[in-house]
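Q: I'd like to learn how to read a few features off a model. Could you walk me through them one at a time?

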Amino acid sequence: MKSFSAKSLRATLADYDVKNRIFDVLGIVFFFILEGYLLWRIAPFIGGRVILFMCVCFLGYIAADFVSGFVHWMGDTWGSASTPIVGKLFIRTFREHHVDQTAITRHDPIETNGSNCFASAILITPLVLFLIGRPMTMALFLFSSFVWSTALGLFATNQFHKWAHRKHQPAFVRALQRAGLILSPEHHAIHHASPYDRYYCITVGWMNPILARVDFFPRLERIISRLSGVEPRHNDLHVVHVVEHEVF
């Protein structure tokens, strides 16, 4: 296990600079351009297929919940804040969050949503490139609607996560949380209870009980460790919890 001083750990996790800011802004702009294009292409087909469209969007929302959990698990489990490229842009925020759970509530909208937008844009880009110059068919409509709604759910994930950590919420947010339509503080608290290795899904959390029942992430960790020889959470995640009182 690596060892970190409280000072060096804090410096690593708090390293949000101009480059990160530019990355986040570009990610947001790029995401909305691509998402807008997809909506423009599928909108004419929604017409008499509203119920079908809503069902596909529902499936997309579930998919976003699963993807949020998978990415969260990756950020919590493998690598560190100093891992080249992805460490500073992605893993840093996951590790910061486990040092200070309220840090996300102090992030402005750009820092909160930038990395999610960039990841979602990567998901959308191949489909947008494929659609350019092609007529919309029923199969493409269904697939595009699914991708569009999944990306939209992923975009909202960090905002839902942020709301789950704030003490005071607007009435409509708390209503959605109580209805189980977005991530609630009570549900997410399970992830932040020792041993901090379950309930990773943070869009709405519907997939968490299912993945926990089939032991999805522990099984995946054992497979990866067997193939790579790398132990999950072998470095700074455990240290983060140990030095939490020292850092803050």
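Q: Let's start with disulfides: how many does a search of the whole structure find?

A: The general idea is that a disulfide is a covalent bond between the sulfur atoms of two cysteines. This is a predicted model, and searching the whole structure turns up zero disulfides.

Q: What about C117, then: buried or exposed?

A: The cut-off here is that under 20% relative accessible area means buried. C117 comes in at 0% relative accessibility, so it counts as buried. C201 also has 0% relative accessibility and is therefore buried.

Q: On to charged pairs. How many salt bridges does the count come to?

A: The thing to look for is a side-chain nitrogen of Lys or Arg within 4 Å of a carboxyl oxygen of Asp or Glu. By that rule you get three salt bridges here.

Q: Where do D108 and R21 lie?

A: First the contact itself: the side chains of D108 and R21 meet in a salt bridge, at 2.6 Å from N to O. D108 is in the loop between α4 (86–99) and α5 (109–131), while R21 is in helix α2 (residues 18–46), so the pair ties together parts that are 87 residues apart in sequence.

Q: Which residue does R174 meet in a salt bridge?

A: That's E186, again with 2.6 Å from N to O. R174 is partly exposed, its relative accessible area being 21%. E186 has 49% relative accessibility and counts as partly exposed.

Q: And how far apart are the closest N and O atoms of R222 and D215?

A: They sit 3.4 Å apart, and the two residues form a salt bridge. With a relative accessible area of 42%, R222 is partly exposed, and D215, at 29% relative accessibility, also counts as partly exposed.

Q: What separates the C-alpha atoms of E111 and F23?

A: Compare the sequence with the space. Along the chain E111 and F23 are 88 residues apart, and their C-alpha atoms are separated by 9.6 Å.

Key:
Residues are numbered from 1 along each chain as its sequence is written. This is a predicted model: local features need pLDDT of at least 70, side-chain atom pairs count only at pLDDT 80 or more; totals for chains, interfaces and linings use all residues. Side-chain values use heavy atoms; hydrogens and water are left out. A disulfide is a pair of cysteine sulfur atoms within 2.5 Å. Buried means under 20% relative accessible area, exposed over 50%, partly exposed in between (1.4 Å probe, protein chains only). Helices (H or I, at least four residues) and strands (E, at least two) are DSSP runs, numbered from the N terminus.
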